[in-house]
Amino acid sequence: MSAREEILDRVRSALADVESSDVTETPIDWSYGRPVDTGDLRLVDRFAERVADYRAIVERVPAGELGATVAAALAEVDGPVVADPTVRGRLGVDLNWRDDDGLSAADLDSVAAVVTTAAVGIANTGTIVLDHGVGQERRAASLVPDVHVCIVDAEQVVSDVPEAVARLMSQGSSVRPQTWISGPSATSDIELDRVEGVHGPRTLHVIIVG
Amino acid sequence: MTLTHAEPAPSGKPPAGHPHVGVTSTFVGMPKFPDAARIELANTTQRRNLAHATGIIRDKRASVVGELDNWEELRLAAEAIKNRTLRHLDDYLVQFEENATKAGAVVHWARDAEEANRIVVDLVRETGSDEVVKVKSMATQEIELNEALQAAGIDAWETDLAELIVQLGDDWPSHILVPAIHRNRSEVREIFLRRMKDVGRPAPEDLTDDPRRLAEAARLHLREKFLRAKVGISGANFAVADTGSLVVVESEGNGRMCLTLPETLISVVGIEKVLPSWADLEVFLQVLPRSSTGERENPYTSIWTGVTPGDGPQNAHIILLDNNRTNVLADEVGRAALRCIRCSACLNVCPVYERAGGHAYGSVYPGPIGAILTPQLRGTSSKVDQSLPYASSLCGACFDVCPVRIDIPELLVHLRTRVVDEHRGGRPTAEAAAFKAMAWMFGSHRRLEAAQKAATTSNRFFGRRKTIGAIPGPLAGWSSARDIPVPPAESFRDWWKRERGEQEPRS
């Protein structure tokens, strides 16, 4: 008997006490996907506050100032910056741009910064979700460079995880690769002292537009 | 070279007589919990480190859980989702396999540790690589994958900072989430300086014990491994049946490195990790980070479904692992332990864990969850596994914090019964004989009065003493730690007769 058949057989005989084949015999009393309260702060303010709480840099700007804000955020960065053509077009500023045309891991290591958009922002947890669609780069590109500038539009911000999951499903993101980012890379493994910056970008700069 | 636990430690804590970490093999001479705990209790550095660390994490958890006004609702939902999964596990496993396969992953099944390790070794060999980078994973520790890879001549590099400290220190993990919780910063510095040079980029010579500098040393040491690695190995926190997705929750970005840079990704996933639907993630991505690290959301969560052309590994393998989980599932009470999402909240609140530390439990799963999960996965034939259900004061704090509402005290009592039943093999125990005698005595008021008379008469032997003190014989161990009051000079019945004359107390 194959391992698959044997394990499934073992599962079925272990569950001899389960009489119904209907999964709903175990009810889940929970309403999915609903928005929740964001407390004393409005949605986008709560998002900005919670992202900053992770010691990420957060700015809120009108659409017209986005290009200048990104350029200022990258003023100190020494080296090439990866962003896809849609992002560059939207920013309209001249930087040391580099295409991510399948860069190797070693090449990515020599990239100084990456600019991406996002799929969803979550207010109560201060999380940005990338589904690595247009404008968001593939997963490795937002990981290896030391600086990540992420553009979130105000209307992308939702209250909490349930609403985010519902929105990601409706956008078709649930079968795409996803990265949920809550602040810069961090560790608490040595005496539970939080240290920002281990393997992922040490600087996370979130710019909220609108 | 690969560091394994089989190698003698160059210095520091000797591994001799130390409990085995996996749950797959039986380690001859593994001490039972009370013996191991006695040794660990004497380690004052560890007790100080643990009290400090668990104190911080308890406060953080309490504060972020307090922010949610629907926490109890979330726990009930998490419990119900896991119960539904377990009660229909065959359906969900088949659904997961179908969707993951459709998305481009190759699904393998492994009956036990040996089979899982063989599949991994064969897959790594097919790539021609002789090293792998690893995301922290309890399942691969459980099956002792690093040792199996080493035996096959493959180097396995742990990339989580705490796992790196444990691996370089020839040590054992002592906590599910923070495996090096028993080490302080100066010990970490010493380990990095001594061992990093043997396996790759050396630690900077001017390394201090500042956690910031230590994390930087780990970053530099591991980066060369990430950038050249052809094979990554992970576990998964969740496997989603209706999409075939896997989910890994982490903080440092080492997970993202291993999950996206290599060409081949092999994920070892316990069969109990399945969730019915993608929508269910909303419950677990709330309860897991708040319960484990005390954060609203952990820094990084990676979710992937099969293979995405041009993004991440182009060969994705998933190994669905039984390794005795179906035995646990067969116990209608014990199966609740399979709801565990390995958050480790129960460790951080446990007064026994805080003092004894993780090593005393003799398993990769320490603390309250380890005390119920390990004897179920490994069986209760060895001394250590028989002792684990007793490694608790049954205070109940573990149940209060458990995000999937596993009633750990109830399961501990359930397993104690199992140990006692197996041990007794049909012969009455001393307790059973004593209780039988008690029942006989209480069965008649005359016999009870006679016994009370005998006891109160014996009172004069004790003089002015208030307690009996240690008793020799079979009760020596029990009585040496307890104050047993001496019998009263007069029984209640005698007092009643004296005070109320001939009037009999109503019974």
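**A tour of the interface between chains A and B**

Select chain B together with chain A: 93 residues of chain B are in contact (heavy atoms within 4.5 Å) with 79 residues of chain A. This is a predicted model, in which local features need pLDDT of at least 70, side-chain atom pairs count only at pLDDT 80 or more, and totals for chains, interfaces and linings use all residues. Residues are numbered from 1 along each chain as its sequence is written, chains are lettered from A in the order in which they are written, and side-chain values use heavy atoms, without hydrogens and water.

Display the surface next. The two chains bury about 7,400 Å² between them, 57% of it on carbon and sulfur atoms; buried area is the accessible area (1.4 Å probe) that two parts lose on being put together, summed over both.

Now show the side chains of E191(A) and R185(B), which meet in a salt bridge at 3.2 Å, N to O. A salt bridge places a side-chain nitrogen of Lys or Arg within 4 Å of a carboxyl oxygen of Asp or Glu, and 16 are counted between chain B and chain A.
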